[in-house]
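Open the model in your viewer and keep the selection panel at hand. We will go from helix pairs to chain contacts, and end with a superposition.

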Amino acid sequence: MPFIMNAWYAAAWPNEIAADRVFARTICNESMVFWRDSTGAAVALEDRCTHRQMPLAKGWLEDGTIRCSYHGLRFAGDGSCVEIPGQNNIPAGVRVRRYPVAERHGWVWVWPGDPARADAALIPDIQTRNESPGWTSVGSTTHVAANYLLLSDNLLDLTHETFLHVGSLGNHAVVEHPMETRTEGDRVVVTRWMRNHIPAPFWKANIRNATGYEGLCDRWQIIEFRPPAHLVLDVGVAPAGDPDPMNSASGAQGCNLNTITPETEHTSWFFWAFSRRFQLDDTELSARFLDRVTGIIEEDRVAIEAVQNVIDRDGPERLISLRTDAGGIAARRIIERLIRAEAAEAAAPDRTTTRRPTSRRAAR
Amino acid sequence: MPFIMNAWYAAAWPNEIAADRVFARTICNESMVFWRDSTGAAVALEDRCTHRQMPLAKGWLEDGTIRCSYHGLRFAGDGSCVEIPGQNNIPAGVRVRRYPVAERHGWVWVWPGDPARADAALIPDIQTRNESPGWTSVGSTTHVAANYLLLSDNLLDLTHETFLHVGSLGNHAVVEHPMETRTEGDRVVVTRWMRNHIPAPFWKANIRNATGYEGLCDRWQIIEFRPPAHLVLDVGVAPAGDPDPMNSASGAQGCNLNTITPETEHTSWFFWAFSRRFQLDDTELSARFLDRVTGIIEEDRVAIEAVQNVIDRDGPERLISLRTDAGGIAARRIIERLIRAEAAEAAAPDRTTTRRPTSRRAAR
Amino acid sequence: MPFIMNAWYAAAWPNEIAADRVFARTICNESMVFWRDSTGAAVALEDRCTHRQMPLAKGWLEDGTIRCSYHGLRFAGDGSCVEIPGQNNIPAGVRVRRYPVAERHGWVWVWPGDPARADAALIPDIQTRNESPGWTSVGSTTHVAANYLLLSDNLLDLTHETFLHVGSLGNHAVVEHPMETRTEGDRVVVTRWMRNHIPAPFWKANIRNATGYEGLCDRWQIIEFRPPAHLVLDVGVAPAGDPDPMNSASGAQGCNLNTITPETEHTSWFFWAFSRRFQLDDTELSARFLDRVTGIIEEDRVAIEAVQNVIDRDGPERLISLRTDAGGIAARRIIERLIRAEAAEAAAPDRTTTRRPTSRRAAR
């Protein structure tokens, strides 16, 4: 399955892109090189000199431009060539493909498809909560050797917490409470309320400011999916019976922000953050959250890579879906529809865009 | 070439399969997971949860059943699903393919083909001598990165002992004595008698109870092949001229039991044992035999993997066969005939079996 | 693209081929085994016993012949079988393909194509200068994971010295002076004269016998390409304004001898030597040259392997050539013409040669 190319994908954390060193990353099978130009803006070009195919990422930056390390051609952030050593004229075709880049909501985003369609207003506001007062956040990037949809499936069916994350997020309360799945246009929302149960270890440690709450709790998971793979998880607990659990001062409210960027058909960059609305100044708690969530995502990574190995071996067929898969199935339908729409548009004779949006290496 | 699927293959040693941990092994391109159910019987399922393709071998055992570690589905040893967490009904299709398993003659056997045809009486009695009073045995498993037929070829032409195993099994007596090859139905028997020669180092050390025999000896190698790749080697020496060398009290009588199980087209599990009928209680001798035979098989492994590399590079063509290859050629003909028979049967419209016996991944 | 098969390729340095050990090397996709026969002459056979495909390089030498380590077949340097253990007659087909070998100009050469056409007079005299009195030389072999033509391109456009070898061979003088490219039959000659400039570090250290020359210099690079990939670089410097710079006693005259042998489509053996005509007896200088040139070639290797990676990923298309690529383009045209000529000849019905010259594994 090819990728949705006309979309924003998280490419990096802002501090990964700099004015004094190049940063290479493959996104949707496109090899890209990132840096900051002389205005400080992040830019991205195809990681390949048009002259003799040298990766530009092996080069160096000069005055906001990138110099190829092989024969010294120099390119600006818009892909134009600004110098060919040993030659005064610059032929029109000497130009490197550029990718639109924007920086917003705590991540650097890139648009692998048609630049004419890139509109920063389309960047999902998934991390606004993180930038709002009253919230604090930790996060990281995890490389996963699996297709991005397996990660999206994973986040849309948290039933797996009971088994894969037993000892942290999971206990039987999760599997025993049903989910509600709702599709609204390109959004999927999966909701699970778990009332009146013994809290799982991860949450127990955080109710009532980590004093070691011994009672029962109410817990919620509200998962919102937007394509290609932005998943915001509104999660939290409160002492059982609180009339307003999502705002309980004795409870714990968190937000798990995830955006998954395909590297190739078989590998993904998983950007994630965990924001919370309690004990904002507790840096020890922040460090502990970073450590715990990293460990949980590591459990997911190992499981999902094992599934990818089976798919590589056996193919994707012969699956049986259960009730709990409703969210993942709905999300995959949206993605398939958007990919078909892109393909239809690319094939239309009178389309106004000039670039084929689908990856030229999608079949690899 | 696909594999014979309707056949018993050695899968493991009995102590490798347990009631408290799972054991994964690929056989004839089928990924399998083994354990012991609550009756202590070894069972095998396809190593793949039918829900979301998680390898079951990543799961754990509960009351003789296996629990998938991802979403917690639980399966019995017959492949039926006994629990779907979060769902009361179990849809009819939620079932994992099972493989018939039997334990006999010192090995655990599995039948990768049509379960309806699996008959434990078809398990080759290759290790009966091992279980008989008057014999003792050492053995192990060697993983070889080569097609199983290369291993079978190797055992059917022991001429190679003179060169590959010079210093242990080999000396010029082997190559100087001709072999007789006889095919009887699905059996091939290769016989070589070597009279009146200086014993090779391995045997010299064992004649007359390891007293360092200095005279000449008579030696025999009687190799019996049965498909897919069970090879029993009746081997031994006696002081030259003994009227009943195979029963000489001054000689040494051994039996090299081999069964080779394809893992993939390019890799094999080589199960072997060396049984002897002398110095039964000498545990030091047993340890020395295990060590020596392991070393000899290691020489075979290195050579055969080198041959496989050449085949992968050049293809199998352009071979010239010599007189000594008669046994290997006869064995390959039997295998080809049985594979053709299976394919013909699978293609027949009125066959009564319900499963296609050939591996779905045979073409890999 | 297949290789030119009817051509001499450097295979080894003379001291790599011996009478008491085998030497394996793949050239133009042909796996070869080399040794010295009882006359001391280097010989080469296909590295594959015709009996059961064992690599002959796993065997050992006996009286100038090679013994297969598996079943002991023994072959002479002309490919004929001289012994089959256990069998008196030697069937006519038991023979291993031989490759013509010659030793000249300081290297051992092999002809992977039709033996009937191998003529030692066709060996390029690229190292004659090295063997002449008045010259001394250092050299080595570098394995490069890239197609040999990328290495040839690299040597035909030394503009890259300014960027890739900044700090040793390169400074702006190189890129600022134009090249002249001349094609004469199967030869390409690229000439660059750089007058009146500050010498690059590598050369500065060598003018006027390494006394640390502070003035300006004149420098030349005269590159001669002959197919498949023999490249002689006549290089040197002299104090600026010397009327006969190429023979100036105050200057430094060198010769960089290169011959590139394809291993596969994606890997190459790069044989190189650096000869000089000054300070002949200075062994410290020789050691320093070996070290410096090794370092420079290592920079080339890293760059060229990066380019090969991009080609493997994206294909070779979408390149734009500049004025400085004239030499490389001319060389590639010669090679393409010679390959087409070989293919046409192989397809001709009345050709007198008996062997198909192109590699049977060229398509891999």
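Start in chain C, with H2(C) and H7(C): these two helices are oblique to each other (angles under 35 degrees count as roughly parallel, over 145 as roughly antiparallel, 65 to 115 as roughly perpendicular and the rest as oblique). This is a predicted model, where local features need pLDDT of at least 70, side-chain atom pairs count only at pLDDT 80 or more, and totals for chains, interfaces and linings use all residues. Residues are numbered from 1 along each chain as its sequence is written, while chains are lettered from A and ligands numbered from 1 in the order in which they are written.

**Stop 1: the helix pair in chain C**

Select residues 148-156 of chain C for H2 and residues 326-347 of chain C for H7. Both names follow DSSP runs, numbered from the N terminus (helices: H or I, at least four residues; strands: E, at least two). The pair packs at an angle of about 140°, with axes 8 Å apart. Axes here are lines fitted to C-alpha atoms, for helices over the stretch in contact, and angles run from 0 to 180 degrees between N-to-C directions.

The crossing of H2(C) and H7(C) is right-handed (near helix turned clockwise from the far one by less than a right angle; left-handed if anticlockwise).

Now show the residues in contact (C-beta atoms, placed from the backbone, within 7 Å). On H2(C), pick Leu149(C), Ser152(C), Asp153(C) and Leu156(C). They meet Gly327(C), Gly328(C), Ala331(C) and Arg332(C) in H7(C). Colour by class: three are nonpolar, three polar and two charged. Ala, Val, Leu, Ile, Met, Phe, Trp, Tyr, Cys and Pro count as nonpolar, Asp, Glu, Lys and Arg as charged, and the others, Gly among them, as polar.

**Stop 2: chain C against chain B**

Show both chains. The contact takes 20 residues from chain C and 18 residues from chain B. The chain C side has seven nonpolar, ten polar and three charged residues.

**Stop 3**

**Stop 4: superpose**

A turn of 120° and a shift of 0.0 Å along the axis give an RMSD of 0.0 Å. The two copies are thus related as by a three-fold rotation axis.

Key:
Two residues are in contact if their C-beta atoms, placed from the backbone, lie within 7 Å. Copies are superposed by least squares on the C-alpha atoms of residues with pLDDT of at least 70 in both.
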